[in-house]
Amino acid sequence: MQDPNEDTEWNEILRNFGILPPKEEPKDEIEEMVLRLQKEAMVKPYEKMTLAQLKEAEDEFDEEDIKAIEIYREKRLQEWKALKKKQKFGELREISGNQYVNEVTNAEKDLWVVIHLYRSSVPMCSLVNQHLSLLARKFPETKFLKAIVNSCIEHYHDNCLPTIFVYKNGQIEGKFIGIIECGGINLKLEELEWKLSEVGAIQTDLEENPKKGIADMMVSSIRNISIYDSDSSNSDNDAK
């Protein structure tokens, strides 16, 4: 097949009659580079500046640039505020009982607050504090707190420890009271993360409950035991 871009008299005749498309002109690399540089030059310099640099360079811009800069500066400021708000916390902080209302009940609107009431003499409380400390770093947009239970509630029984409350807008959205509800003495970090995600306190990247496999095994074992007991009972009845 003849190349339609080939310089031949026949191809030229076909082009004149519109049978062949116009010949493709070879791209000029230098021209392409010039066009690219021109396009880059059209980008306003302030779009690459920090807020501090914008402040220093204000006198160098015309009125139109100043208006655009104000819009751009406001956008960058909002982005910065959003980032600071998201990274506001990042640690498990200790509070006392007289700080409870301000730090928990009256926390800022739409903020998730996780508070652990603990006693250092209860071993599992120490485990929960370790896990919460790691989760606080992973989810800095959530406020993680701990408080010695005696400073918040008098005569609180050890059987109710650890106690974890999850608040939002002054309301308790989740609570885990005692060893069993908190996940057991062998509580894993991922298991506590899943529990907190279920009540909405954090946005986990875990795809399923880490305890699901264990729960399935327990259900299967119970079912097998029930079947065995049923078979044994039937055998005893047959023997009679």
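## A cluster of aromatic rings

Tyr100, Phe165 and Tyr167 are joined into a cluster by ring pairs. Rings of Phe, Tyr and Trp (its six-membered ring) pair if their centres lie within 6.5 Å; planes under 30 degrees apart are stacked, over 60 edge-to-face, and the rest tilted. The model is predicted: local features need pLDDT of at least 70 and side-chain atom pairs pLDDT 80 or more, while totals for chains, interfaces and linings use all residues. Residues are numbered from 1 along each chain as its sequence is written, and side-chain values use heavy atoms, with hydrogens and water left out.

## The two pairs

How many aromatic pairs does a search of the whole structure find? The search finds two. Helices (H or I, at least four residues) and strands (E, at least two) are DSSP runs, numbered from the N terminus.

Phe165 and Tyr167 also form an edge-to-face pair, at 6.5 Å centre to centre and 85° between the planes.

Tyr100 counts as buried because its relative accessibility is 13%, and Tyr167 counts as buried at 9%. Buried means under 20% relative accessible area, exposed over 50%, and partly exposed in between (1.4 Å probe, protein chains only). Phe165 is buried too.

Now to Ile153, found in the loop between α7 (149-152) and β4 (163-168). Ile153 has 31% relative accessibility, so Ile153 counts as partly exposed. Its C-alpha atom is 8.0 Å from that of Gly97, 56 residues apart along the chain.
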